[in-house]
Amino acid sequence: MNIYEQLATFNIIETERLLLRPLSMADAADMFSYASQADNLVYVFPKHDNIAQTRLIIANMFMKAPLGKWAIEHKTDHQMIGTITFVKLDEKNRSAEIGYVLNQRYWGQGLMTEVVKTIAEFSLETFGLTHIDIVVDSDNLGSIKVAEKAQFHTVETYKALSPYTKVLKVFKRYRKGNHE
């Protein structure tokens with residue numbers, strides 16, 4: 001079974017406290033609640049100015065090609081609190097890079113570590129990937145902690161332009177794989 005069949009089969013994944021599922025237009029208000037807060041998005045993407053922009057992004061970035069993209073829903077309050085996606089997927093080399101964002105109200109609870117550990121486990125064991133990467137701005141201490149707590153290891157540090165700010169930054173590439 002190829003990677004896309006696997007992703008289609010596991011488009012809903014459950015963790016202890018969270019449900020990873022496809023995004024829908026019903027998530028627009030929940031996404032806008034964090035995507036409109038610049039301090040929630042420093043390292044991920046520019047803030048959304050209105051709910052129409054959020055709806056357009058959900059349609060174009062998540063629903064148009066939904067495989068490898070999950071909404072993070074909190075089981076207790078049924079809020080969509082973030083997303084995790086394969087930002088790069090290399091079928092030939094059986095590798096991927098993930099990116100994620102979490103509503104700031106849910107920071108510091110270990111939720112993103114729970115999600116990253118789960119996606120890494122599925123990626124390596126079920127999807128058959130050889131490794132999975134997380135690229136982190138070296139100033140993003142929260143994501144560095146997530147990568148380390150999820151047992152990813154630093155494989156390189158490099159300078160590059162931030163895709164959002166176009167400012168030269170130092171990035172760290174973290175990796176978890178079957179052949180570490």
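This is a predicted model: local features need pLDDT of at least 70, side-chain atom pairs count only at pLDDT 80 or more; totals for chains, interfaces and linings use all residues.
Residues are numbered from 1 along each chain as its sequence is written, and side-chain values use heavy atoms, with hydrogens and water left out.

Start with the helices, which are DSSP runs of H or I, at least four residues, numbered from the N terminus. Helix 2, residues 28-35, packs on helix 3, residues 51-63, at an angle of about 110°, and their axes are 9 Å apart. Helix 2 and helix 3 are therefore roughly perpendicular, a term for angles of 65 to 115 degrees. On the helix 2 side the contact (heavy atoms within 4.5 Å) uses A28, A29, M31 and F32, and helix 3 brings I51, T54, R55, I58 and F62.

Now the rings. There are six aromatic pairs in the structure; rings of Phe, Tyr and Trp (its six-membered ring) pair if their centres lie within 6.5 Å. F86 and F127 have ring centres 6.4 Å apart and planes at 75°, so this pair is edge-to-face, meaning over 60 degrees. F86 sits in strand 4, F127 in the loop between helix 4 and strand 6, 41 residues apart. F122 also pairs with F127, at 6.1 Å centre to centre and 50° between the planes, which is tilted, the class between stacked (under 30) and edge-to-face.

Are F86 and F127 buried or exposed? Both are buried, that is, under 20% relative accessible area with a 1.4 Å probe, protein chains only. F122 is buried as well. Finally, F10, W70, F86, F122 and F127 form one aromatic cluster.

Notes:
Axes are lines fitted to C-alpha atoms, for helices over the stretch in contact, and angles run from 0 to 180 degrees between N-to-C directions. Helices (H or I, at least four residues) and strands (E, at least two) are DSSP runs, numbered from the N terminus. Angles under 35 degrees count as roughly parallel, over 145 as roughly antiparallel, 65 to 115 as roughly perpendicular and the rest as oblique. Buried means under 20% relative accessible area, exposed over 50%, partly exposed in between (1.4 Å probe, protein chains only).
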